[in-house]
Amino acid sequence: MTETTKTHVILLACGSFNPITKGHIQMFERARDYLHKTGRFIVIGGIISPVHDSYGKQGLVSSRHRLVMCQLAVQNSDWIRVDPWECYQDTWQTTCSVLEHHRDLMKRVTGCILSNVNTPSMTPVIGQPQNDNPQPIYQNNNVPAKPTAAKILGKVGESLSRICCVRPPVERFTFVDENANLGTVMRYEEIELRILLLCGSDLLESFCIPGLWNEADMEVIVGDFGIVVVPRDAADTDRIMNHSSILRKYKNNILVVKDDVNHPMSVVSSTKSRLALQHGDGHVVDYLSQPVIDYILKSQLYINASG
C-alpha cells in the first residue's frame, strides 16, 4: 500500500490519568508501532483526554493538576498531545461524546470528512478534484494540483498541529479556534482518516459488565469509531470479546496490539504509583517520569491514603 492509500489514524485515550504513568505513554508507542507494522495504517497523532472532575472517582485530584502532569509526561513527544476539552466542560462527558467532539472538531477545522470504520467515506477526506478543471477549496496558485505523498502527509500533520497537537504552556490550556482557516491548499487526493479509541484490556472487559455502558454508546464507540486494545497482564482478549454481543458484532473493528516483546504493562497502573508515593517506595520511578514525580512532590499530591 502507498502512503496515500493507508488509513491515517489519530489515537485517542480517555481516562483519569491520576496520575499519568510511563505505561500510559508506552501504550501509545506500542499501538503506533503495531499499527505501522500491519502495513495498513499511519498514525499521525495521539490525544490524551483526562476525565472531568465530576467523574467522582475516589482520590481523583483536580483536573488542573492532572492536565499539567499529562503535559509534563508528553513534553518530549512530537506526536502525543494533551487535550483539555473534556476537563473544561460543565460536567462529566461520556467516552462516546469525547470521540464525537474530536471527530466534529476535525471536520470543522480541517475540512476533513472522517471515514466511518464500517463504511469508509467516498467523499474525499482532504479533497481530490473530481474533474480536470476543479474549483479548489482554497485558492493557491503555488500549490501543485497533484501533490506528493509527503506533501499530503505534511498537510495532515499541519492540520493536526492546529487541533490536537497544539502544545499549550504548562500553566495555561486554551481552546482551539474552531473556525480557524488552516491556509490555502488545493483539494488533495483522498486520505482515509479515522479516530480510534486507545485502551487497555481492562476497559475492553468493562464493556462486558451489564449496565455499566450505554449500549447505544458502545455501538458508536466500537461500530463507528473502532478501538485499539493494548492487553495487560496476558489478558485473553478473544475470551473477553466473546462475552459481549456488541464486541462480537464489531470484532473486525477491534485491533488488538500484538508484539514480540514482553512489555511490563502493569506499570500502567495509576493505583500502584499512588501507593508507591504514599509509602515512599523508590520503585515509583518505574511507574512515573521524573518531571511528573517532581510536580507531585512540589504540589504535595497523593500524600495520604484518600488522594
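Helices here are DSSP runs of H or I with at least four residues, strands are runs of E with at least two, and both are numbered from the N terminus. This is a predicted model, where local features need pLDDT of at least 70 and side-chain atom pairs count only at pLDDT 80 or more, while totals for chains, interfaces and linings use all residues. Residues are numbered from 1 along each chain as its sequence is written, and side-chain values use heavy atoms, with hydrogens and water left out.

**The chain as a whole**
- You'll find twelve helices and six strands in the protein chain.
- Of the 307 residues in the protein chain, 52% are buried (buried is under 20% relative accessible area, exposed is over 50%, and partly exposed lies in between, using a 1.4 Å probe and protein chains only).
- Take the contacts in the protein chain between residues at least 6 apart in sequence: 79% of them join residues at least 24 apart (a contact means heavy atoms within 4.5 Å).

**The sheet**
- Six strands form an open sheet in the order β3-β2-β1-β4-β5-β6, and the pairing is parallel (two strands pair if DSSP finds at least two bridges between them).
- β3 (80-82) and β6 (254-256) are the edge strands with a single partner each, so one side of each has no neighbour in the sheet.
- From one strand to the next, the twist averages 25 degrees.
- As a bit of background, strands of a sheet pair through backbone hydrogen bonds, either parallel or antiparallel.

**Strand β4 and its partners**
- Eight of the eight residues of β4 (residues 193-200) are buried, so the rest of the structure largely encloses this strand.
- Both faces of β4 are covered, with L193, I195, L197 and C199 buried on one side and R194, L196, L198 and G200 buried on the other.
- β1 (residues 7-15) runs parallel to β4, and five bridges join the two.
- In that pairing, I10 has I195 of β4 as its bridge partner, and L12 stands opposite L197 in β4.
- β4 also pairs with β5 (residues 227-230) in the parallel sense, over four bridges, with C199 opposite V229 in β5.

**Helices α2 and α12**
- The axes of α2 (residues 63-73) and α12 (residues 290-299) come within 8 Å and cross at roughly 155 degrees (axes are lines fitted to C-alpha atoms, for helices over the stretch in contact, and angles run from 0 to 180 degrees between N-to-C directions).
- α2 and α12 are therefore roughly antiparallel to each other (angles over 145 degrees count as roughly antiparallel, under 35 as roughly parallel, 65 to 115 as roughly perpendicular and the rest as oblique).
- H65, V68, M69, L72 and A73 of α2 make the contact with P291, V292, Y295, I296 and S299 of α12.

- Most residues other than glycine have a negative phi, and most peptide bonds are trans.
- Q300, in the segment after α12, isn't a glycine but has a positive phi of about 55 degrees.
- Y302, found in the segment after α12, isn't a glycine either and has a positive phi of about 60 degrees.
- Q300 is exposed, with a relative accessible area of 57%, whereas Y302 is buried at 3%.
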